[in-house]
Amino acid sequence: EDNSDFLELMPIFIESVFIKSGKEKFPLDWQKLEIKYAVIGCGTVAKVHAYHFIEKGVKVVGFSDISDQQLLKFRELFGDVKTYTDYKEMIENEKPNVVSICTTPVLHKEQVLYCAERGIDILCEKPISTDLQALKEMVEMCKKSGVTLGIMLPRRYYNNSKATKNVLEKNLLGKLKEVSFI
């Protein structure tokens with residue numbers, strides 16, 4: 001699977017986390033950063049998040065998921081990292097400063113607010129929310145707490161997405177009457 005879009009976006013997120021801190025000069029020396037990274041939700045996409053953070057030398061301090069079976073898979077894939085069935089327990093015990101939230105969207109608001117209240121920078125999977133009011137609350141809490149909230153929207157960087165945007169901007173299709181996703 002080609003994850004080049006993630007490779008481009010993940011460093012941008014991490015750099016934005018440390019730009020505000022003033023701790024590091026650029027380009028980043030990933031080995032010197034004091035990132036304590038954790039993953040909330042250990043499904044398929046979480047493997048991609050974890051892999052790319054680990055590839056950069058980021059220290060993973062914990063994985064959480066409600067499924068013991070998923071946690072076992074992550075221990076097999078990524079080694080002896082602490083695992084939790086309760087993400088709040090993981091946050092309190094491991095004290096990460098960056099998390100990936102890779103759970104179902106209905107859980108994002110609670111998890112984003114919990115992490116933001118503790119000053120933890122967040123990379124959240126899409127969609128961040130299906131409710132506009134919940135989205136506003138998350139963004140406001142992150143602003144108030146001074147944390148970076150990144151949302152994975154890599155498809156806009158796919159070649160086919162860029163080509164579609166180009167066609168639409170040049171009005172090569174004429175007036176659109178309907179757009180649907182099959």
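**From a pocket to the sheet behind it**

Helix α5, residues 105-117, contributes three residues to the lining of the second largest pocket, the most of any element. This is a predicted model. The pocket holds about 240 Å³ of space. It is lined by 16 residues, and those closest to its centre are I40, I66, T103, L107 and Q111. Rolling a probe the size of a water molecule over the atoms shows where empty space is left.

Now step back to the whole chain. The protein chain has seven helices and six strands. Along the sequence they follow the pattern α-β-α-β-α-β-α-β-α-β-α-β-α. Of the 182 residues, 40% are buried. The accessible surface comes to about 11,100 Å², and carbon and sulfur atoms hold 53% of that surface. Take the contacts with a separation of 6 or more: 59% of them join residues 24 or more positions apart.

The sheet comes next. Its six strands lie in the order β3-β2-β1-β4-β5-β6, in an open sheet with parallel pairing. Which strands stand at the edges? They are β3 (83-84) and β6 (149-151). Each has a single partner strand, so one side of each is left without a neighbour in the sheet. Strands of a sheet pair through backbone hydrogen bonds, either parallel or antiparallel.

Start with strand β1, residues 36-40. Four of its five residues are buried, so β1 is largely enclosed by the rest of the structure. Here buried means under 20% relative accessible area. On one pairing, β1 runs parallel to β2 (residues 59-64) over five bridges. In that pairing A38 stands opposite G62 of β2. On another, β1 runs parallel to β4 (residues 98-101), with four bridges. There V39 stands opposite S100 of β4. In a regular strand the side chains alternate between the two faces of the sheet.

How does the chain get from β1 to β2, and what is the hand of that β-α-β unit? Helix α2, residues 44-55, makes the unit together with β1 and β2, and the unit is right-handed. From β2, follow the sheet to β3. These two strands run parallel and are joined by two bridges. F63 stands opposite T83 of β3 in this pairing.

K73 sits in helix α3, residues 68-78. Its relative accessible area is 36%, so K73 counts as partly exposed. K73 and G43 are 30 residues apart along the chain, yet their C-alpha atoms are separated by 9.8 Å.

Finally, look at the backbone geometry. Most residues other than glycine have a negative phi, and most peptide bonds are trans. Where are the departures in this model? P127 lies in the loop between β5 (121-124) and α6 (132-145).

Another is K95, a residue other than glycine with a positive phi near 50 degrees. K95 belongs to the loop between α4 (87-94) and β4. With a relative accessible area of 52%, K95 is exposed. N171 is not a glycine either, and its phi is positive at about 55 degrees. N171 falls in the segment after α7 (159-169). It is exposed, with a relative accessible area of 52%.

Technical notes
Residues numbered from 1 in each chain as written. Predicted model: local features only at pLDDT ≥ 70, side-chain atom pairs only at ≥ 80, totals over all residues. Heavy atoms only, no water. Buried < 20%, exposed > 50% of the residue type's maximum accessible area, 1.4 Å probe, protein only. Contact = heavy atoms within 4.5 Å. Areas by Shrake-Rupley, 256 points an atom, 1.4 Å probe, with all protein chains shown as cover. Pairing = 2+ DSSP bridges. Right-handed = clockwise from strand over helix to strand, strands pointing away. 1 Å grid on protein atoms, 1.4 Å probe; cavity = no way out; pocket = protein on both sides within 12 Å on 5 of 7 lines; lining within 4 Å. Points joined across faces, edges and corners; volume = space filled by probe spheres on them.
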